[in-house]
Structures are given as structure tokens and as C-alpha cells.
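Dear colleague,

My notes on it follow directly after.

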Amino acid sequence: MPSTDAPARCSMNMLWNSQVADTCVVFRSWHIHGWMTLLVSCLAIIALSISYAFLLSFIRHYDRTLAYGVYADSRGAGRRESAVERRQSLIPPVPTGYSAVDAGAGKIGITKLPLQARVTRAGLYATSVAISFFLMLVAMTYNTYLISSIVIGAFIGHLLYESEIDVGALFGSSSKGLACH
């Protein structure tokens, strides 16, 4: 007779499933034994998916801030015009804030960033790739509850962190769409 004290084994399905007991998520140590551990796992995955949406939003904000800094530097932001120069100018005033980047960024071209900005951007990008791959591995369990947790987290994250739309980018050329990274 087999012993009932045998350790639980990870069950790996390569088909869509709604299995609860003996599901392992990414690591053997992340073992779902029942409904309570499934609930905790789903909440953790929802939180990770929301965090991923925040990270993507933060990366866009950071890149826009860098672009604004490059644009301001190229326009000589430290130089102050006198009232006479402003009155005599036939060119309308330069837009300020982020709209300035949108209005004239195409005239700047490609600019090399300082090392600190490149390291920060590379770190943020690597983190986004790592999280997206981790979420992909969770999805590869083909578990209905875990995949639903990713989708719920993506919905909540998009709702929280994507409250603005860049109309110019929609009519422009670059869009990643639903790419992982």
C-alpha cells in the first residue's frame, strides 16, 4: 500500500485547465495546494500585473521628461529674452511644458543621452522585460484562474495609470501596441 505521507507533486498541464491542487507556478516552491493558496497566488499575480502597468507608465513619463530636458537644452532654456526681442519677433512664442516637445521635437533629431540617463533607462527596460517574461511564464501554466489574474491586473493597471492619451503618437509612426516589451 502506498504511503499517504508522500509529498505533493507539481502537475504541469499543457492544455487549458482550471486545476487548483498541485499546481506549481514558475517555481517548484510556488506550489498551490488548495483554494486558499490559489487565492493568495491570484492576488500576488494581480499585484504584479498592476505593477507592470505602473512601470510602463513610469518609463513613458521618464522618457518624456528626458526628451523635454533635451528639447529645453537645445532651445537654450537658460537664456531669457528681453521684452523688446519678444515684440520684434515674427515667430510665435515657443510652447512651454510637454507640448513644446510634441511641437518641435522632430527638429532636434537623435541626441546621445548622458551615461546616468542611459543606465537608468536600461535598468527600467530590463526590469520591464523581466516582469513581462515572468508574467508570460505564469500564463504558460494555462490555468484559467492565473491567466484571469493577469488580465484583471492589466485592466486595473491600465485604468489606474493610463489616464492620458497622446493623440499625436496615434497619428505618428511609433507604437508598440500589445508587445510584451
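Which cysteine forms a disulfide with cysteine 10? The partner is cysteine 24, and the sulfur atoms of the two residues lie 1.8 Å apart. Please bear in mind that this is a predicted model. The structure holds one disulfide. Because cysteine 10 belongs to the segment before β1 and cysteine 24 to strand β1 itself, the pair ties together parts that are 14 residues apart in sequence. The link is left-handed, with -70° about the S-S bond. As to accessibility, cysteine 10 is partly exposed at 38%, whereas cysteine 24 is buried, with a relative accessible area of 11%. Cysteine 42 also counts as buried, at 12% relative accessibility.

Strand β1 (residues 23-24) also contains threonine 23. Threonine 23 is buried, its relative accessible area being 4%. Its side chain reaches the backbone oxygen of glutamine 19 at 3.4 Å. Apart from neighbours within four places in sequence, the residues in contact with threonine 23 are Ser11, Trp30, His31, Ile32, Asn143 and Leu146.

Valine 26 is located in the loop between β1 and β2 (31-32). With a relative accessibility of 33%, valine 26 counts as partly exposed. Once neighbours within four places in sequence are set aside, valine 26 is in contact with Phe134, Leu137 and Val138. For valine 26 and valine 138, the C-alpha to C-alpha distance is 6.2 Å, while 112 residues separate them in sequence.

With kind regards

Key:
Residues numbered from 1 in each chain as written. Predicted model: local features only at pLDDT ≥ 70, side-chain atom pairs only at ≥ 80, totals over all residues. Heavy atoms only, no water. Helix = DSSP H or I, 4+ residues; strand = E, 2+ residues; numbered from the N terminus. Buried < 20%, exposed > 50% of the residue type's maximum accessible area, 1.4 Å probe, protein only. Polar contact = N/O pair within 3.5 Å; in protein donor to acceptor, adjacent residues only side chain to side chain. Contact = heavy atoms within 4.5 Å. Disulfide = S-S within 2.5 Å.
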